Amino acid sequence: MSVLTRDEILKAIKNGEIVIEPFNPDQVGPGSVDLTLDNKFRVFKRVHYVFHAIESAYKEFIKKCTEMVIVKPGDYFLLMPHETVLGQTKEVIKTANNICGRLEGRSTFARMGLLVHISASFMQPGLPGNTQVLELSNVGNIPLALHPGEKICQFIF
């Protein structure tokens, strides 16, 4: 199996094997699709109790340890140095059972210290139609303004 090229991505979209909503053909590059940042962020609270890293505790962890921040139109989210938040793409992606994908950051932002995922880059075949969760981490030393609608990452099929 190989990486789909621009023509193959567009053909798969036309055939319904890949669904991207909203879809903008200008976001399709030579071997990937640029995805944009939504305006919703889950910010980690400062807590004084321990959650064990087990999958069954995840939903409880998210409820107790994060709060939702919604950025107003024209505004931005300020990601401080050495801070991690959860974001998401504006686009919903659905794939056929024979197409998988990989979410990658963009080098422009990486040079500033922004990581878009920590360990969740591989997307299984047959994505059901979800936005992609971004593990946004600022590993740099300067605050970064994250603007909803910005091309934040790319999806490789």
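Modeller: The salt-bridge rule is a side-chain nitrogen of Lys or Arg within 4 Å of a carboxyl oxygen of Asp or Glu, and by this rule the count comes to 2 salt bridges. This is a predicted model, where local features need pLDDT of at least 70, side-chain atom pairs count only at pLDDT 80 or more, and totals for chains, interfaces and linings use all residues. Side-chain values use heavy atoms, with hydrogens and water left out, and residues are numbered from 1 along each chain as its sequence is written.

Take K40 and D38. Their side chains form a salt bridge, N to O, at 3.7 Å. For exposure, buried means under 20% relative accessible area, exposed over 50%, and partly exposed in between (1.4 Å probe, protein chains only). K40 is partly exposed at 32%. D38 is buried at 11%.

Now R102 and E104. The closest N and O atoms of this salt bridge are 2.8 Å apart. R102 has 38% relative accessibility and is partly exposed. E104, at 24%, also counts as partly exposed.

Next, the strands. Strands (E, at least two residues) are DSSP runs, numbered from the N terminus. Two of them pair if DSSP finds at least two bridges between them. Strand 6 (residues 84–95) and strand 10 (residues 128–138) run antiparallel, joined by 8 bridges. K94 has P128 of strand 10 as its bridge partner. Strand 10 also runs antiparallel to strand 8 (residues 114–115), with 2 bridges between them. There, L115 is partnered by S137 of strand 10.

Notes:
Helices (H or I, at least four residues) and strands (E, at least two) are DSSP runs, numbered from the N terminus.
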